[in-house]
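Subject: Structure for your records

Dear colleague,

Please find below the structure that I was asked to pass on to you.

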Amino acid sequence: MDTQSLQAFLAVADTQSFSRAAEQLHLTQPAVSKRIATLESQVGTRLFDRIGRRIALTEAGSVLLPQARRILLTVEDSRRALANLSGQVGGKLTLATSHHIGLHRLPPLLKQYTQRHPEVTLDLHFLDSEQAYQGVLDGTLEMAVVTLAPHPHEQLQVVELWRDRLCFACAIDHPLNHQPPQSELSLIDLCEYNCVMPGAKTFTGSLIAQRFSEAGLQLPVSMATNYLETLKMMCSVGLGWSLLPEKMIDSELVELSVDTPPIYRPLGYLVHTNRTLSNAARRMIEELENTRR
């Protein structure tokens, strides 16, 4: 089995489409079909059932899938280990970050990194933090800089770099902004009005929901989105109050004083504990650690 055929197999299995796999691999669809046919000939069995436009793994394909991932990860680790021997910092660094961190934390660091290491090709992906975690776990990403999960994962090395204080905020003309001076709102007061929040399954959303759940309250969420910039817009036009990182509070919003301890979300980077890091990734980690210092 050659690695190109295995890459095609994984792409078709993940996308459930020969055409989307071809786009992902920058190949023609016949070229992908040929690689799959070659692999099926080598293993002596069909790997996909083609039912109309639908693609599904056969039993043999399901057995091969995890093995193919491990083979390609081992090959990639070997390539990195050999490339690292030269001491050169180059090649491709596949890095994921969330939209918020990519906009508000990383630009100066990325500029400095690319100036210091012009031979590195940054393959930058903007993903939800939860997707980035999965990408590092399955080996499609070498590292990620995202909101950190509330619980550790045994296969990941996770390092906190920053802490975002989440601020209760609303539009200037929102009824919650008409509280008497020096008075504090309660969580119960907030629950009398609709809010706009990150998705319930996101790390940030679950962190916020936990605070209200501990008080025996359920958030009155009218709209949810994983993009904090969109949340800020919805909050600023009066569609509901929200919780936003301190850096996002500007003249369009009012920070509310609420009788509850501050809510912080951890931000940082993660890599797989069993993967060989490229020299490019090691230098990126050095740059990230320098921001903490």
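Helices (H or I, at least four residues) and strands (E, at least two) are DSSP runs, numbered from the N terminus. By that definition the chain has eleven helices and eleven strands.

Please note that this is a predicted model, in which local features need pLDDT of at least 70, side-chain atom pairs count only at pLDDT 80 or more, and totals for chains, interfaces and linings use all residues. Residues are numbered from 1 along each chain as its sequence is written, and side-chain values use heavy atoms, with hydrogens and water left out.

Overall picture

The C-alpha trace spans about 75 × 50 × 30 Å along its principal axes. Of the 293 residues, 45% count as buried; buried means under 20% relative accessible area, exposed over 50%, and partly exposed in between (1.4 Å probe, protein chains only). A contact means heavy atoms within 4.5 Å. Among contacts between residues at least 6 apart in sequence, 74% join residues at least 24 apart.

Helix α7

Which residues of helix α7 are buried? In this helix, residues 129–138, they are S129, A132, Y133, G135, V136 and L137. Their cover includes the strands β3 (91–97), β5 (143–147), β6 (156–171) and β11 (263–272), together with helix α9 (203–214). After α7 comes G139, whose phi is positive, near 90 degrees.

Salt bridges

A salt bridge is a side-chain nitrogen of Lys or Arg within 4 Å of a carboxyl oxygen of Asp or Glu. The count by this rule is eleven.

One of them joins R69 and D14, at 2.7 Å from N to O. Because R69 lies in helix α4 (residues 59–84) and D14 in helix α1 (residues 3–15), this pair ties together parts that are 55 residues apart in sequence. R69 is partly exposed, at 23% relative accessibility, and D14 is also partly exposed, at 45%.

A second salt bridge links D164 and R265, whose closest N and O atoms are 3.1 Å apart. D164 belongs to strand β6 and R265 to strand β11, so the pair connects parts 101 residues apart in sequence. Both D164 and R265 are buried.

Finally, salt bridges that share partners join R105, D164 and R265 into one network.

Yours sincerely,
A colleague
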